[in-house]
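Thanks for making the time this morning.

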Amino acid sequence: LLTTDGPAEARAGDQPVGEARVATTLRRDPGLPPDILCKVLLEAARDFATEPMTDDIAILAIKRT
């Protein structure tokens, strides 16, 4: 998984999502297909944010088979 800092820097007031919350989201279902994982991470950041997300956001997930 590669991601810019955008998802981790989504904010609710002064509180950022943070790397720990991103990691928790990843651990919830480690078997998700890469496309779904990217959507889940983006939605988690959007759901947390109470302000517009203005930072760049790029997420790349690759599954090794």
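The largest nonpolar core in this predicted model has 10 residues, and these are Ala8, Ala10, Val17, Val22, Leu37, Cys38, Leu41, Ala45, Ala49 and Ala61. Helix α2 gives the most to this core, with 4 residues. As a general remark, nonpolar side chains in soluble globular proteins tend to be buried together.

Now please turn to helix α1, which spans residues 18–28 and whose buried residues are Gly18, Val22 and Thr25. What lies over them includes β3, at residues 15–16, and α2, at residues 34–48. On the face of α1 that is turned away from the buried side, you will find the exposed residues Glu19, Ala20 and Arg27.

That brings us to helix α2, where proline 34 has its place. Proline 34 is partly exposed, with a relative accessible area of 24%, and, leaving aside neighbours within four places in sequence, proline 34 is in contact with Ala61, Ile62 and Lys63. Compared with alanine 10, proline 34 is 24 residues away in sequence, and the two C-alpha atoms are 21 Å apart in space.

How many salt bridges does a search of the whole structure find? The search finds 1, and in it the side chains of arginine 46 and glutamate 43 meet at 3.3 Å, N to O. Both arginine 46 and glutamate 43 lie in helix α2, 3 residues apart, which is about one turn of the helix. Arginine 46 is partly exposed, at a relative accessible area of 47%, and glutamate 43 also counts as partly exposed, at 37% relative accessibility. In general, side chains of opposite charge can pair when their charged atoms come close.

Let me finish on the surface, where Leu2, Leu60 and Ile62 form a nonpolar patch with about 340 Å² of accessible area together. Leucine 2, one of the residues in that patch, lies in strand β1, residues 2–3, and is exposed, because its relative accessible area of 56% is over the 50% cut-off.

Note on methods. Residues are numbered from 1 along each chain as its sequence is written. This is a predicted model: local features need pLDDT of at least 70, side-chain atom pairs count only at pLDDT 80 or more; totals for chains, interfaces and linings use all residues. Side-chain values use heavy atoms; hydrogens and water are left out. Buried means under 20% relative accessible area, exposed over 50%, partly exposed in between (1.4 Å probe, protein chains only). Helices (H or I, at least four residues) and strands (E, at least two) are DSSP runs, numbered from the N terminus. Contact means heavy atoms within 4.5 Å. Patches are made of residues with over 30% relative accessible area and no salt bridge: like charges are joined within 9 Å, nonpolar side chains (Val, Leu, Ile, Met, Phe, Trp, Tyr) within 5 Å. Accessible areas come from the Shrake-Rupley method with a 1.4 Å probe; for residues, only the protein chains shown count as cover. A salt bridge is a side-chain nitrogen of Lys or Arg within 4 Å of a carboxyl oxygen of Asp or Glu. A nonpolar core is a set of buried Ala, Val, Leu, Ile, Met, Phe, Trp, Tyr and Cys residues joined through side-chain atoms within 4.5 Å.
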